[in-house]
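Thanks for coming. I have one structure to show today, and I will keep to a few pieces of it. Let me put it up.

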Amino acid sequence: MYVEFLGVPRQRAGISQLEVQAETLGQLLRTLASEIPPLSEFMAVDRLHSSFIANLNGDRFISDPATPLVKDDHVLILSADAGG
Amino acid sequence: MPFGYHGCYLRIDVSNGTSEYVPLSETVLRQYLGGSGLGVKLLLDEGAAVMDPLAPEVPLVFAFSPLVGSPLTTSAKFAVVSKSPLTGRINDSLASSGFAIAGKACGCDAIVLVGRVAELSVLVIDEAGVRMESAAEYRGATCRATETGLKARLGANYRVASIGPAGEHLVRYATISHDGRHAGRGGSGAVLGAKNVKAIALRGSHRAEWANPGELTTISKSLSKRSFGPATAKYRELGTATNLLTFNRFGALPTRNFQSGTFDEAASLSPEQLSTTRSKTRESCVSCTIGCEHIYSLGSGGVRVEYESLFALGSLCGVSDPEAVLRASQRCDELGLDTISTGGTIAFAMECVERGWLDEPWLVFGSGDALLRAIDLIGSRQGIGNLLAEGSRRAAEVIGHNSIEFAPQVKGLEIPGYEPRALQTMALGFAVGARGADHNRSGAYEVDFSDKVDRRHVTLDAVRHAIDTEDKAALMDSMIICKFLRGVFEDFHAEAAEMLRSVTGWDVSAEELRETAKRIVSAKRQFNLLAGWTPAEDTLPERFLSMPLPNDPEASLSRQRLDSLVAEYHRQRGW
């Protein structure tokens with residue numbers, strides 16, 4: 001699946017997207033923290049810090065680490081504080 | 001008198017410079033705290049709701065808070081509260097920095113201005129008392145020039161809030177500026193301009209004692225430490241402007257007067273792109289450890305870049321040239337114009353020109369030159385600027401053709417950069433907002449960007465979340481503490497109670513503060529009821545309720561659904 005970063009996560013990751021294999025959101029986040037260490041500040045084990053959020057395919061926002069993911073999913077990682 | 005307060009407000013009749021300190025009871029202070037809450041309470045007591053917002057007798061309140069002057073990060077803030085000349089409803093605009101500390105150091109918890117001085121004047125409050133001085137030499141001066149000039153005249157340790165040319169010309173969305181920041185929305189600058197007051201210069205030495213300084217220091221250190229963490233990374237590292245690409249990605253970036261939720265050229269205006277071609281510095285308000293202000297180079301100077309300015313003067317007007325958008329933002333700051341209402345009103349006019357309903361052929365979407373020209377005309381009320389200075393709702397009434405259906409406003413206040421069809425909890429927040437469409441008094445967008453709702457198909461379950469964000473905002477705006485800190489709190493109400501206990505000595509609880517927030521929201525509604533509010537005002541323009549977003553058919557909001565959300569909101573409020 002593709003993971004796309006927006007805002008601060010993109011800046012920290014240094015890339016806009018990458019391809020990752022994972023079966024759940026928690027597994028995906030653990031993989032990201034391992035492969036892109038600057039992102040680990042925004043994660044606690046298999047969850048994002050409350051100021052960040054994941055979105056599945058541009059539709060629904062997800063936070064449960066057990067959320068299943070499939071091969072063609074597109075996961076976005078962004079700041080949860082949308083205001084300004 | 002409780003700790004943290006002076007227990008009085010300073011009421012000044014600028015007609016003749018007379019003033020008096022009016023006592024504030026501990027009960028009132030505990031019930032309304034400060035900032036927005038205290039401001040609304042004072043306006044209600046003054047009977048402002050039934051007055052013409054630009055009449056001499058109408059009061060204009062600068063309200064401070066118990067936390068101002070404390071070591072708590074982001075607490076140097078003040079609220080400007082009045083009846084809005086743009087909406088005819090309650091208006092509370094907040095701004096930051098040294099003016100708040102200086103105002104409280106004048107020995108009061110609020111300053112209330114009434115009257116109208118004969119000549120353009122500066123109101124000076126210092127150790128010598130209250131006096132009016134001539135501001136003739138600052139007629140037509142920008143906010144920055146006025147502030148700089150007055151500091152040179154009076155002394156560098158005065159703190160100055162001023163209006164620009166737009167306030168002098170009573171543009172209905174003129175701001176009050178201090179130190180490059182603005183009490184921006186709703187036209188408080190026009191209210192001050194109508195009093196013929198160009199600026200207020202403050203210097204004081206009074207200090208409100210704290211109930212428990214040791215505990216306050218501990219709380220302050222903890223809060224400051226957390227303010228350097230992940231919860232504020234967005235504001236520190238990219239600023240609010242980072243919303244631009246995020247909102248565009250979700251089809252929620254208002255474009256060409258809300259005709260689309262995506263802007264093909266959004267990347268050219270993004271902070272990520274701007275920082276590749278321009279130098280950038282960061283600044284902080286006094287007493288703030290976040291440092292959210294990102295200043296980009298422009299010509300020989302710099303301009304503060306915020307999301308709302310980028311959206312309103314960029315995508316909403318179809319302008320993708322970053323030089324034009326940054327210059328437009330800078331020009332609004334100089335003239336003292338609210339960038340959201342400026343961009344919203346110009347974008348509305350551009351669509352009217354496109355439809356052949358306004359004979360200003362130069363005023364077209366995408367033209368940076370047209371944008372800049374329109375801003376200058378608005379600031380001086382010349383040509384078409386005289387109509388646009390009235391805001392999009394009044395302009396629509398003059399233009400006709402039922403253009404009110406796409407005038408981008410609620411209660412007359414132009415809509416901020418959140419496409420309501422793509423963010424439907426925010427749509428509710430806009431519809432019911434006491435001061436009109438507003439993202440600072442309702443943080444409902446946070447709900448849309450969460451797993452609590454389906455943002456394009458919200459149900460009645462979203463209503464309680466929208467109410468929670470509105471109540472929280474009312475509390476933060478009254479204590480006052482910056483909303484950019486909101487992510488650092490595990491339990492905001494509990495921590496807010498700790499802060500207030502350490503400053504005031506009150507045995508205040510989280511539950512009491514929840515009730516306080518509801519009281520303040522209700523006070524705003526009471527003001528609006530007295531001012532003539534009707535339920536029909538709690539809605540959105542027809543455009544949002546009759547057509548989905550072109551590129552996202554799922555982003556569709558029917559009148560029936562919005563009406564049911566609003567009705568449920570009123571029911572849960574007990575109104």
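This is a predicted model: local features need pLDDT of at least 70, side-chain atom pairs count only at pLDDT 80 or more; totals for chains, interfaces and linings use all residues.

Two packed helices are described by the angle between their axes and the distance between the axes, so I will give both for each pair.

Start with helix H2 of chain B, residues 35-46. H2(B) has twelve residues, and from its first C-alpha to its last it reaches 16 Å, close to the 16 Å expected at 1.5 Å a residue. How much of H2(B) is covered? Mostly covered is the answer, with nine of its twelve residues buried. Those buried in H2(B) are B:Gly35, B:Ser36, B:Gly37, B:Leu38, B:Gly39, B:Val40, B:Lys41, B:Leu42 and B:Leu43. Just after H2(B) comes B:Gly47, which takes a positive phi of about 75°.

Now the partner. Helix H22 of chain B covers residues 510-531, and its axis and that of H2(B) come within 9 Å, crossing at roughly 35°. The crossing of H2(B) past H22(B) is left-handed. On the H2(B) side the contact is made by B:Ser36, B:Gly37, B:Val40, B:Lys41, B:Leu43 and B:Leu44, and on the H22(B) side by B:Ile520, B:Ala523, B:Lys524, B:Gln526 and B:Phe527. By type, the residues of this contact divide into six nonpolar, three polar and two charged.

H22(B) also packs with helix H21 of chain B, residues 492-504. Here the angle is about 100° and the axes are 8 Å apart. H21(B) and H22(B) are therefore roughly perpendicular to each other. H21(B) contributes B:His493, B:Ala494, B:Ala496 and B:Ala497, and H22(B) contributes B:Ala510, B:Leu513 and B:Arg514. Sorted by type, the contact of H21(B) with H22(B) has five nonpolar residues, one polar and one charged.

Last item, away from the helices. B:Leu202 is found in strand E12 of chain B, residues 197-202. Is B:Leu202 buried or exposed? B:Leu202 counts as buried because it has 26 C-beta neighbours inside 10 Å, and the cut-off for buried is 20 or more. Leaving out residues up to four places away in sequence, B:Leu202 touches B:Phe99, B:Ala102, B:Gly103, B:Cys106, B:Ile125, B:Tyr158 and B:Arg159. As for B:Pro59, it lies 143 residues from B:Leu202 along the chain, and their C-alpha atoms are separated by 19 Å.

That is what I have.

Note on methods:
Residues are numbered from 1 along each chain as its sequence is written. Chains are lettered from A and ligands numbered from 1 in the order in which they are written. Axes are lines fitted to C-alpha atoms, for helices over the stretch in contact, and angles run from 0 to 180 degrees between N-to-C directions. Helices (H or I, at least four residues) and strands (E, at least two) are DSSP runs, numbered from the N terminus. A crossing is left-handed if the near helix is turned anticlockwise from the far one by less than a right angle, and right-handed if clockwise. Two residues are in contact if their C-beta atoms, placed from the backbone, lie within 7 Å. Ala, Val, Leu, Ile, Met, Phe, Trp, Tyr, Cys and Pro count as nonpolar, Asp, Glu, Lys and Arg as charged, and the others, Gly among them, as polar. The expected span of a helix is 1.5 Å times one less than its number of residues. Angles under 35 degrees count as roughly parallel, over 145 as roughly antiparallel, 65 to 115 as roughly perpendicular and the rest as oblique.
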